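Dear colleague,

Please read them alongside the model.

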Amino acid sequence: MLPFPIIEVCHGSCDGLLCLAYFFTPNFVINPLTGWHQSFPLSRFQQLCLECFDKGDYSICIAKIGFGKDKLRGTYKPVWLYNSSEFGLDNVTTCEVFDFGTNAWRYLLPAG
């Protein structure tokens with residue numbers, strides 16, 4: 001039993017990993033075959049959603065969670081993609097990547 005309702009399930013899987021997400025609680029990566037699972041903290045996107053919700057704005061922007069693969073280390077990393085203009089920020093697609101090694105989210109900057 002999961003400790004939260006599932007709103008978003010990562011489309012597809014990477015080597016058996018599944019990512020289960022909810023806008024207002026930490027997310028989980030699980031491997032159903034091995035039973036391994038790991039939670040990770042809220043992304044900046046999720047924090048922005050919480051701030052909007054607290055202000056009475058119940059419209060949640062469209063976002064997708066998925067996986068990226070670190071080709072150098074061979075590891076998978078959860079990734080949030082969203083349009084930051086919906087939060088009054090830059091009018092670009094924003095990409096946040098979670099690194100289990102540092103237990104932190106970082107922004108992926110577009111190539112310029």
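Which residues of the largest nonpolar core touch the most other members? Before the reply, please note that this is a predicted model, in which local features need pLDDT of at least 70 and side-chain atom pairs pLDDT 80 or more, while totals for chains, interfaces and linings use all residues. Residues are numbered from 1 along each chain as its sequence is written, and side-chain values use heavy atoms, with hydrogens and water left out.

The core (buried Ala, Val, Leu, Ile, Met, Phe, Trp, Tyr and Cys residues joined through side-chain atoms within 4.5 Å; buried means under 20% relative accessible area, exposed over 50% and partly exposed in between, with a 1.4 Å probe and protein chains only) has 18 residues, and those touching the most other members are Cys-19, Val-29, Phe-40, Phe-45, Phe-67, Trp-80 and Tyr-82.

Phe-40 also forms an aromatic pair with Phe-100 (ring centres within 6.5 Å, using the six-membered ring of Trp; planes under 30 degrees apart are stacked, over 60 edge-to-face, the rest tilted), and this pair is edge-to-face, at 5.6 Å centre to centre with 85° between the planes. Phe-40 is buried at 1% relative accessible area, whereas Phe-100 is partly exposed at 29%. Ring pairs link Phe-40, Phe-98, Phe-100 and Trp-105 into a cluster.

Ser-43 is buried, with a relative accessible area of 0%, and touches Trp-80, Glu-96 and Trp-105 (heavy atoms within 4.5 Å), leaving aside residues up to four places away in sequence.

With best wishes
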